[in-house]
Amino acid sequence: MRPIRPLLAALVAATCLISGQAAAQSLDDIIGMNLKSKGGLEKIRATSTVKMTGQVSAREDPAGESRTAATTMMAKRPNMMRREQVVNGESAVSAFDGTTLWMSRGEMPPQQAPGPQAAYARQDAEFDSVFVDYKEKGHAIALVGREKRAGADVFHLKVTKKGGPPQDYYLDASTGLEQAISMTLQGGPMPMVVVTELADYREVDGRMMPFSIRQRVN
């Protein structure tokens, strides 16, 4: 039995070495998997405008009734965005012009949005995925590890956009697609924690898109 022990130790050491090498290289692999699922860099860079329509159900009080609205979102490269929701015939519009977030409701003239909302819009309005050319843009991304979330294997990435707060990205381990994104915003009477959950991915024009997006604040 003695000759087996050195062999077993060598195999264990080799396995640890291979795992360490894979972990060191895995961040680029994960990001590559994410971008491939979205159609690849060539298709992503060739897209300059996006329009999305759907239904939104929201409630301010978790115990209260939900309100449903028809919604339209338009975005244009590099970081302009417009969202319109219609509830009971009244529209609510938010638009980011690349610098300032403007909001209006019904017949009210547009007004500049307060700090935390504007900060979130500035982070949210980036046209390309945060993973596209992130080093050139000055963003920082670190692999926290592989975890379980909602019963599924996910890669947990810590993403810090240039000039923005840290965000936690949870990517599906089999596709690389975002399962959830969490961000904490400061500036109000209390921190605002925004968690966005993405699901029901379907193929649209050669890329996977989420048909269900759920957002929770605090």
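Colleague: Why is aspartate 200 called partly exposed?

Modeller: Its relative accessible area is 38%, and partly exposed covers whatever falls between buried (under 20%) and exposed (over 50%), using a 1.4 Å probe and protein chains only. So 38% puts aspartate 200 in the middle class.

Colleague: What should I keep in mind about the model itself?

Modeller: It's a predicted model, so local features need pLDDT of at least 70 and side-chain atom pairs count only at pLDDT 80 or more, while totals for chains, interfaces and linings use all residues. Residues are numbered from 1 along each chain as its sequence is written, and side-chain values use heavy atoms, with hydrogens and water left out.

Colleague: What is the average pLDDT, and where does pLDDT stay under 50?

Modeller: The average is 84, with 85% of the residues scoring at least 70; pLDDT is the predictor's confidence in each residue, from 0 to 100. Residues 1–25 stay under 50, and the model gives them one contact beyond four places in sequence (contact means heavy atoms within 4.5 Å). Where pLDDT is low, the predicted coordinates should not be read in detail.

Colleague: Back to aspartate 200. What makes its meeting with arginine 202 a salt bridge?

Modeller: The N to O distance between the two side chains is 2.8 Å. The definition asks for a side-chain nitrogen of Lys or Arg within 4 Å of a carboxyl oxygen of Asp or Glu, so this pair passes. Arginine 202 is partly exposed as well, at 41% relative accessibility. There is also a network: Arg149, Glu197, Arg214 and Arg216 are joined by salt bridges that share partners.

Colleague: How many salt bridges turn up in the whole structure?

Modeller: The search finds 13. Among them is arginine 82 with glutamate 84, whose closest N and O atoms are 3.2 Å apart. Arginine 82 is partly exposed at 32%, and glutamate 84 is partly exposed at 25%. Another one joins aspartate 153 and lysine 148, at 3.2 Å from N to O. There, aspartate 153 is partly exposed at 30%, whereas lysine 148 counts as exposed at 60%.

Colleague: Why does alanine 150 count as exposed?

Modeller: Its relative accessibility is 78%, and the exposed class starts over 50%.

Colleague: Which peptide bond is cis?

Modeller: The one from arginine 77 to proline 78, with omega near 5 degrees. Proline 78 lies in the loop between β2 and β3, where a hairpin joins the two strands through three residues.

Colleague: How do you know that β2 and β3 pair?

Modeller: They share seven bridges in the antiparallel sense, and pairing takes at least two bridges found by DSSP. Methionine 73 stands opposite arginine 83 in β3. On the same test, β1 (residues 49–58) and β2 (residues 67–76) pair antiparallel over 10 bridges, with alanine 75 in β2 as the bridge partner of valine 50. The strands themselves are DSSP runs of E, at least two residues long; helices are runs of H or I, at least four, and both are numbered from the N terminus.

Colleague: What makes β7 and β12 edge strands?

Modeller: The open sheet has six strands in the order β7-β8-β9-β10-β11-β12, with antiparallel pairing. β7 and β12 (207–217) each pair on one side only. The twist averages 20 degrees from one strand to the next. At the β12 end, β11 and β12 pair over 10 bridges, and valine 204 stands opposite arginine 207.

Colleague: Why are the rings of phenylalanine 131 and tyrosine 169 called edge-to-face?

Modeller: The search of the whole structure finds one aromatic pair, and here it is: the ring centres are 5.5 Å apart and the planes sit at 70 degrees. Rings of Phe, Tyr and Trp (its six-membered ring) pair if their centres lie within 6.5 Å; planes under 30 degrees apart are stacked, over 60 edge-to-face, and the rest tilted. So the two rings are a pair, and an edge-to-face one. Phenylalanine 131 is in the loop between α3 (115–124) and α4 (134–137), and tyrosine 169 is in strand β9 (residues 166–172), 38 residues apart. Both residues are buried.

Methods: Axes are lines fitted to C-alpha atoms, for helices over the stretch in contact, and angles run from 0 to 180 degrees between N-to-C directions.
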